[in-house]
Amino acid sequence: MTHRRSRDPIRHVDLDDLDVEIDAYIATHRSAAETAAGHRRRWDVWEKHCAESGVDPWDAPYSAFEDLLLSRREDGLTYSPSHMFNLLASITDAYSNHGLVPAHRREENKGAWSATFRGWQRDFADAAARGETVTCDHVPLMRSDVQQMLAVPLTAAARTRPCRVATLVACALLALDGGWELSRIRALRFDNVDLASETAIVIDGDRFICDHRERAPGVPWDCLVCAIRGLISSADRREGLIFDTEDRAEIGRWLRKQAGNWPFLRLGGGGRGASTMEIDPAADSWAIAGTRRGLVIVAHQPDSDSWLRGRAWVALAWQAGLRMVSDLVRLDREALAPVRNPSRGEFDGWRLTLGVAKNDPLGTRADVRVYTDATGRAAVDAISEYLSVRDAAQGRDGRLIVGGRRGLFAGGPMKKPLQAAKNDLDELSLLAGIEPVFTTYSIRKGFVAQAAADGWAFDRVQASLRHRKSDTTAQYFPKLGARQAAYKFQAELAEGVRRA
Ligand SMILES: [Zn+2]
């Protein structure tokens, strides 16, 4: 077994004695200013990794280092051994600057760590030999797939029995639109409902008209008449409209829980318990539409916001070639503002003001993306629907993309954004009947592949991806250098023009 003393340990991946190599690396590189920046960057990666697993970066347990080997970069790529080597060197360096020893280098863990790291390297080499590392997991997400994801109806995403969903939706809308007391809703029976006509219904003497007119643009307005019709068709014909004695108590609990969650929702009526539910009369149409739609969505998906958030998240990222996580999760809600049609002044879509770019800490290249009919109505609608419900749940400040334990009601930074993004992608894929093979990196990769298919000029792709150097953009075309990629684009563009 030879022990190599490379002048450039960065490329040295044949690690027989990791500790010695790391010491050598630190000794060689510590003073270099450029390396200091590299150390800081890699320490940031480590801090983020620790934050995601909820451990202290300065006192991380051994398992955090094992997990680090299995983690992925934000673009979804696997870390190469040399990259991992640098990462570990930077962590060790930071620890030793503070007179600390990281867990993986402590005496009691040395043997285990050495075996684990070597095993990991072997796996990496095997996967590379099979052509599986770096790019294999990142199937490009193309426009047709995105369209299918955005088109998944809420009913398809339901996680509870159709009968229960229909009951909850009908009850909520009867309370809100009909102003019915909960006791009256609970007592509703089949023979109280008169399906008067195609567009109207008489329930217990009250007449309702089928009405889906949007009160806020892009936010679906669920109709009470259609909800009752849905209830009747889903019901397993008992005497009560659908619910038996046990369910009746549950309906009351559900409505009360919602009134506790949604800021604009409140219970009214006197007596021992609340008997009515209404939306705050001071709420504007945006808050009303969001609260109402939110109730309907929660009836379908009581324990998940993947359908609502995922569609908006994918739309925001894919339509503009953005990273789901690093470009979007740190943005505040105020980053999105409505676009008004210049001549008619009507709502036309959304404008996203991006924060600082990856290589632009001062934000000098901060720019905007616009989502309108021109980029796809389905995307605009998915964004509107998410935003209205999100705003109704927690007001118009906080982070733009929310989630986590409190779901839509969580305002702070997401705990595990990369995992949340992957979950949303998987769930939407399954709902759309597509194999769940996409990673967050698939979005950018697919955006570029689609741009190429659509004949975009290379510099337009580069600008969309917010790359400063064309070489970086060219990396999305593994077989081509930057120049060839540029030529290829221009040739395709010319071809497109000729065909048009
Ligand atoms: Zn209707």
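Analyst: What follows goes through the helices, the sheet and a few single residues. Keep in mind that this is a predicted model.

User: OK. How many helices and strands are there in the protein?

Analyst: The protein has 18 helices and eight strands.

User: And how much of it counts as buried?

Analyst: Of its 500 residues, 36% count as buried. As for contacts with a separation of 6 or more, 62% of them come from residues 24 or more positions apart.

User: Let's do the sheet. What is the order of the strands in the open sheet of three?

Analyst: The order is β6-β7-β8, and the pairing is antiparallel. β6 and β8 stand at the edges with a single partner strand each, so one side of each has no neighbour in the sheet. From one strand to the next, the twist averages 30°.

User: How many bridges pair β6 and β7?

Analyst: Five bridges, in the antiparallel sense, between β6 (residues 336-340) and β7 (residues 347-353). To find one of them, look at V339, whose bridge partner in β7 is G349.

User: What about the hairpin of β6 and β7, how many residues are between the strands?

Analyst: There are six residues between the strands, and G345 in this hairpin takes a positive phi near 75°.

User: Then how does β7 pair with β8?

Analyst: β7 pairs with β8 (residues 368-372) in the antiparallel sense, over five bridges. The bridge partner of T353 in β8 is V368, and L352 stands opposite R369 in β8.

User: Where do side chains point in a regular strand?

Analyst: In general, side chains in a regular strand alternate between the two faces of the sheet.

User: Which helix lies across β6, β7 and β8?

Analyst: That is α13 (residues 377-394), which runs at about 105° to β8.

User: Switching to helix packing. At what angle do the axes of α12 and α13 cross?

Analyst: They cross at roughly 130° and come within 8 Å. The two helices are therefore oblique to each other. α12 passes α13 in a left-handed crossing.

User: Which residues of α12 and α13 meet?

Analyst: On the α12 side they are L308, R309, R311, A312, A315, L316 and Q319. On the α13 side they are A379, A382, I383, E385, Y386 and V389. By class, the residues of this contact of α12 with α13 divide into nine nonpolar, one polar and three charged.

User: And how do the axes of α12 and α14 cross?

Analyst: The axes of α12 (residues 306-320) and α14 (residues 417-431) cross at roughly 100° and come within 9 Å. That makes α12 roughly perpendicular to α14. In α12, the residues in this contact are S306, R309, G310, R311, W313 and V314. They meet A421, N423, D424, L425, E427 and L428 in α14. The contact of α12 with α14 has five nonpolar, three polar and four charged residues.

User: Different part of the chain. Which residues of α9 are buried?

Analyst: In α9 (residues 224-234), L224, V225, A227, I228, G230 and L231 are buried.

User: What do those pack against?

Analyst: The buried residues of α9 pack against the helix α7 (162-178) and the strands β1 (193-194), β2 (200-203) and β3 (206-209).

User: Where is D204 found?

Analyst: D204 is in the loop between β2 and β3. Its phi is positive, about 50°, although it is not a glycine. D204 counts as partly exposed because it has 16 C-beta neighbours inside 10 Å.

User: Now G290. Why does it count as buried?

Analyst: G290 has 29 C-beta neighbours inside 10 Å, and the cut-off for buried is 20 or more. It is found in α11 (residues 285-300). Leaving aside neighbours within four places in sequence, G290 is in contact with V219, S388, V389, D391 and A392.

User: How far apart are G290 and E385?

Analyst: They are 95 residues apart in sequence, but C-alpha to C-alpha they are 7.4 Å apart in space.

User: Last one: how far apart are N261 and Q394?

Analyst: N261 and Q394 are 133 residues apart in sequence and 9.3 Å apart in space, C-alpha to C-alpha. N261 is found in α10 (residues 245-261). With 17 C-beta neighbours inside 10 Å, N261 counts as partly exposed.

Technical notes:
Residues numbered from 1 in each chain as written. Predicted model: local features only at pLDDT ≥ 70, side-chain atom pairs only at ≥ 80, totals over all residues. Axes fitted to C-alpha atoms, helices over the stretch in contact; angles between N-to-C directions. Helix = DSSP H or I, 4+ residues; strand = E, 2+ residues; numbered from the N terminus. Parallel < 35°, antiparallel > 145°, perpendicular 65-115°, else oblique. Contact = placed C-beta atoms within 7 Å. Nonpolar A, V, L, I, M, F, W, Y, C, P; charged D, E, K, R; others polar. Buried ≥ 20, exposed ≤ 12 C-beta atoms within 10 Å, placed from the backbone. Pairing = 2+ DSSP bridges. Left-handed = near helix turned anticlockwise from the far one by under 90°.
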